[in-house]
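Hi everyone, thanks for coming.

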Amino acid sequence: MSLNRNEKAAVVTDVAAQAAKSQTLALAEYRGLTVEALNKLRVEARAKGVYLHVLKNTLARRAVAGTPFECIAESMVGPLIYGFSEDAVAAAKVISDFAKTNDKLVIKGGAYGGKALDVNAVKALASVPSKEVLLAQLLGLMQSPVSRFARVLAAVSEQRGAGAAPAAEATEVAAEAAPAA
C-alpha cells in the first residue's frame with residue numbers, strides 16, 4: 001500500500017525530527033529476514049532507545065537532508081532498515097549484535113558526527129562500551145590513586161603501631177635503668 005502525499009510528508013517530518021536529535025545512524029539490509037526476526041530486532045532496539053524504522057530510501061534522503069547524516073545519502077540503496085540513536089553507540093550496537101546472530105541482516109554503513117562510516121567502522125563503533133560503563137571506568141581510574149594512598153597510609157600507621165609497642169617498652173626499660181645509674 002502506497003502512502004499519499006500527506007502521509008509521506010508526515011513520515012519525512014517524523015524521521016527528520018528523530019535525525020535532528022540523534023548522534024548516530026546505522027543502515028542495514030534486511031532482505032530475507034522473517035517478520036518474527038524483524039519484530040525481535042525492533043523490541044531490542046526499543047529497549048535500548050534506538051529508533052528503528054524501515055523507510056523508502058527517497059523519503060529517508062529527504063528526511064536527512066540538512067542534517068549531519070546527509071553524508072550517507074548516496075548509500076541509501078536497496079531494502080534498508082534505519083537505526084537512529086541519541087546515544088553514540090546504541091544504534092550500531094543493536095544492529096551489529098543482531099547481525100552476529102542472524103546472517104540475513106547485513107550492515108551496510110552508517111554515520112556519526114557528520115562522517116560516513118563503512119561496515120567496519122560501524123562494527124568498531126558497536127564495540128565501544130556504553131556511556132555508563134565508560135563513566136564507571138573513569139570513576140575507577142579517578143579513585144585508584146586515592147585508594148592506593150589510603151592503603152599506604154594505613155600500612156604505615158600499622159607499622160608504627162606495631163613498632164610503637166617495642167619502642168615504648170624500650171623507653172620504659174631505659175627510664176628504669178637511668179635512675180640506677
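When I say contact, I mean heavy atoms within 4.5 Å.

Before I go further, some ground rules. What you see is a predicted model, where local features need pLDDT of at least 70 and side-chain atom pairs count only at pLDDT 80 or more, while totals for chains, interfaces and linings use all residues. Residues are numbered from 1 along each chain as its sequence is written, and side-chain values use heavy atoms, with hydrogens and water left out.

Back to that pair. Helix α4 covers residues 90-101 and helix α5 covers residues 119-126, and their axes come within 8 Å and cross at roughly 105°. An axis here is a line fitted to C-alpha atoms, for helices over the stretch in contact, and angles run from 0 to 180 degrees between N-to-C directions. How are the two helices oriented to each other? They are roughly perpendicular. The cut-offs are these: under 35 degrees is roughly parallel, over 145 roughly antiparallel, 65 to 115 roughly perpendicular, and the rest oblique.

Now zoom out. The protein has six helices and five strands. Those come from DSSP runs, numbered from the N terminus: helices are H or I with at least four residues, strands are E with at least two. Reading from the N terminus, the order is α-β-α-β-α-β-α-β-β-α-α. Of the 181 residues, 31% are buried. Buried means under 20% relative accessible area, exposed means over 50%, and partly exposed is in between, using a 1.4 Å probe and protein chains only. The protein exposes about 11300 Å², and carbon and sulfur atoms supply 59% of that; these areas come from the Shrake-Rupley method with a 1.4 Å probe, and for residues only the protein chains shown count as cover. And if you take the contacts with a separation of 6 or more, 78% of them are between residues 24 or more positions apart.

Next, another helix pair. Helix α1, residues 5-20, packs with α3 at an angle of about 50°, and their axes are 8 Å apart. That makes α1 and α3 oblique to each other. Which residues make the contact? From α1 we have K8, V11, V12, V15 and A16, and from α3 we have L59, R62 and A63. α1 passes α3 in a right-handed crossing. A crossing is right-handed if the near helix is turned clockwise from the far one by less than a right angle, and left-handed if anticlockwise.

Let's stay with L59 for a second, over in helix α3. L59 is buried, at a relative accessible area of 4%. Setting aside residues up to four places away in sequence, L59 touches L3, K8, V11 and V12.

On to the rings. A pair of aromatic rings is described by the distance of the centres and the angle of the planes. How many aromatic pairs does a search of the whole structure find? Two. Rings of Phe, Tyr and Trp (its six-membered ring) pair if their centres lie within 6.5 Å; planes under 30 degrees apart are stacked, over 60 edge-to-face, and the rest tilted. Y51 and F84 have ring centres 6.2 Å apart and planes at 50°, so that pair is tilted. Y51 sits in strand β2 (residues 50-54) and F84 in strand β3 (residues 80-85), so the pair ties together parts that are 33 residues apart in sequence. Both Y51 and F84 are buried. Then F69 and F84: centres 5.7 Å apart, planes at 70°, so this pair is edge-to-face. F69 is in the loop between α3 (57-64) and β3, so here the parts tied together are 15 residues apart in sequence. F69 counts as buried at 0% relative accessibility. Put together, ring pairs link Y51, F69 and F84 into a cluster.

Last stop, G109 in strand β4, residues 106-112. Is G109 buried or exposed? Buried, with a relative accessible area of 1%. Beyond residues up to four places away in sequence, G109 touches L25, A26, L27, I72, L117, D118 and V122.
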